[in-house]
Amino acid sequence: MKKLPALLMAGILALSMTACGGSQAPADNQGSADTKGAEGETTAAAEEEEITCDMLVWSPAEDQSEEFGNWLQTQCEAFAAEHPNWHITFSYGICPEGESAKLVTQDVDAAADVFMMTNDQLTDLLPANAVARIGGETEKYVQETNSQAMVDSLTVDGALYGVPFTSNTWFMYYDKSVFTEEDIKSLDKMLEKDVVSFPITNSWYLSSFYVGNGCTFFGDGTDNDAGIDFSGEKATAVTDYLVDLVANENFKVDVDGSGIAGIRDGSIKAMFSGSWDYQAVKDALGENFGAAQLPCYTLDGKEVQMYSFAGTKALAVSSKTEYPQVAVALAKYLGGVEAQKSHYETRNIIPCNTELLSDPSMDSDLLVKAQNDTVANTSIIQPFVAGMANYWTPTDNFGKSLRNGEVTHDNAADATEAWNKNMNTSVVE
């Protein structure tokens with residue numbers, strides 16, 4: 001998600017297994033350690049040089065909990081078993097993917113050798129010279145086993161900075177006993193039948209209505225100087241639609257968990273969220289569980305597609321690691337087929353590896369299909385240029401103004417232009 005809970009710092013948990021410690025290796029002037037020829041690829045364990053080292057790995061707390069099978073510890077142990085000539089002592093720390101830049105840049109030298117991140121964290125990690133470029137065979141592996149969108153989301157100026165393990169987006173959950181497969185193609189048809197909830201006050205979601213009607217982020221998403229263009233009639237028309245949407249008695253603003261609460265008590269029949277809410281929705285809906293890519297909505301007589309932001313969660317390597325060959329090999333392993341499969345089985349973390357997704361059991365899974373259809377058909381890559389930092393707060397505030405009825409048909413044009421101006425201000429107060 002764009003916004004995650006505050007960083008949970010936990011003490012580093014030392015394990016008696018072998019694991020390679022956050023130390024200092026020279027970084028090049030592109031903000032990355034030189035991993036060319038040291039990407040951790042080996043032909044056989046016997047050919048690996050003997051290495052004894054410590055390795056610090058950061059992940060969200062859930063990946064290290066007994067509730068979810070101690071996923072991280074289990075995978076690191078399996079990695080060590082495949083590399084008997086690498087005598088590694090692992091230790092672990094807690095860091096949500098969306099908070100990685102905040103923690104890593106506090107002290108780059110003391111940061112984890114391998115950590116999980118959302119791709120938008122690169123905006124802060126690269127200027128801090130805190131993340132290693134992924135090169136050699138591991139780069140080739142990532143390119144060959146992921147969609148181009150996943151690769152592009154971790155590529156800056158032609159350089160790759162992570163091994164993806166899942167796409168990061170949101171889609172639609174719905175009650176199949178209420179909505180047909182034809183209904184779910186149109187938000188307006190759904191609203192005619194029953195109650196739909198949407199987090200309109202959350203900036204990660206709100207832009208989905210505007211992008212399909214010609215509004216743009218930084219040109220093609222990469223030109224910081226192009227700015228955000230949510231101006232003119234194309235944006236005002238969407239704002240007018242949203243004024244009517246929030247006034248619709250079958251529309252509920254999803255805030256502070258009200259969407260999932262409504263799904264549970266039956267007062268809400270569809271909501272928009274991501275894989276993190278899967279189990280709760282599935283438990284509530286049972287055999288009526290449905291999940292799908294985003295619908296269209298009707299604007300001035302034409303169908304406009306909604307588009308979510310899509311990004312990537314990935315394994316990143318510190319630019320300061322003393323043993324990049326081990327660190328990159330571990331990142332590749334934790335983002336590999338078996339680790340992604342285990343991640344899905346333990347935490348419903350949806351794979352992005354194309355080999356794994358080709359498995360018929362994955363293709364028939366409604367959750368996997370909904371997320372991957374959304375990434376492929378109804379999403380745009382979330383920009384991670386510097387100017388994107390100015391998008392979030394003004395958009396949260398604009399969504400709240402819509403919810404509160406402060407934006408009306410009479411002032412929609414002026415309110416939209418003011419919002420657009422705020423998003424393009426160099427410093428958001």
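Student: Why does cysteine 215 count as buried?

Tutor: Its relative accessibility is 3%, and buried means under 20%, so cysteine 215 qualifies. Keep in mind that this is a predicted model.

Student: And what makes cysteine 352 buried?

Tutor: The reasoning runs the same way: cysteine 352 has 4% relative accessibility, the cut-off is 20%, and therefore cysteine 352 counts as buried.

Student: How many disulfides does a search of the whole structure find?

Tutor: The search returns 0 disulfides. A pair of cysteine sulfur atoms would have to lie within 2.5 Å to count.

Student: On to the rings. How many aromatic pairs are counted?

Tutor: The count is 27 aromatic pairs. One of them joins phenylalanine 90 and tyrosine 92: their centres are 6.2 Å apart and their planes meet at 5°, so this pair is stacked. The limits are 6.5 Å for the centres and under 30 degrees for stacking. Both phenylalanine 90 and tyrosine 92 are buried.

Student: Why is the pair of phenylalanine 198 and phenylalanine 209 called edge-to-face?

Tutor: Here the centres lie 5.1 Å apart and the planes stand at 70°. Planes over 60 degrees apart count as edge-to-face, so phenylalanine 198 and phenylalanine 209 get that name. The pair links distant parts of the chain, with phenylalanine 198 in strand β9 and phenylalanine 209 in helix α8, 11 residues apart. Phenylalanine 198 and phenylalanine 209 are both buried, and they belong to one aromatic cluster that also includes Trp170, Trp204 and Tyr297.

Student: How do you know that lysine 332 lies over the face of tyrosine 141?

Tutor: Lysine 332 is 4.6 Å from the ring centre of tyrosine 141, against a limit of 6 Å; the position must also be within 35 degrees of the ring normal. Likewise, the charged end of arginine 347 sits over the ring of phenylalanine 68, at 5.8 Å from its centre.

Student: Last topic, helix α17. What span does α17 reach, and what is expected?

Tutor: With 12 residues, α17 reaches 16 Å from its first C-alpha to its last, close to the 16 Å expected at 1.5 Å a residue. Its buried residues are Leu367, Val368, Ala370, Gln371, Thr374 and Val375. They cover an arc of only 170° around the axis, so they are on the same side of α17.

Student: Which atoms come within 2.8 Å at the start of α17?

Tutor: A side-chain oxygen of aspartate 365 and the backbone nitrogen of leucine 367. The cut-off for a polar contact is 3.5 Å, and this pair is within 2.8 Å.

Terms used
Residues numbered from 1 in each chain as written. Predicted model: local features only at pLDDT ≥ 70, side-chain atom pairs only at ≥ 80, totals over all residues. Heavy atoms only, no water. Helix = DSSP H or I, 4+ residues; strand = E, 2+ residues; numbered from the N terminus. Expected span 1.5 Å × (residues − 1). Buried < 20%, exposed > 50% of the residue type's maximum accessible area, 1.4 Å probe, protein only. Arc of directions from axis to C-beta. Polar contact = N/O pair within 3.5 Å; in protein donor to acceptor, adjacent residues only side chain to side chain. Phe/Tyr/Trp six-rings, centres within 6.5 Å; stacked < 30°, edge-to-face > 60°.
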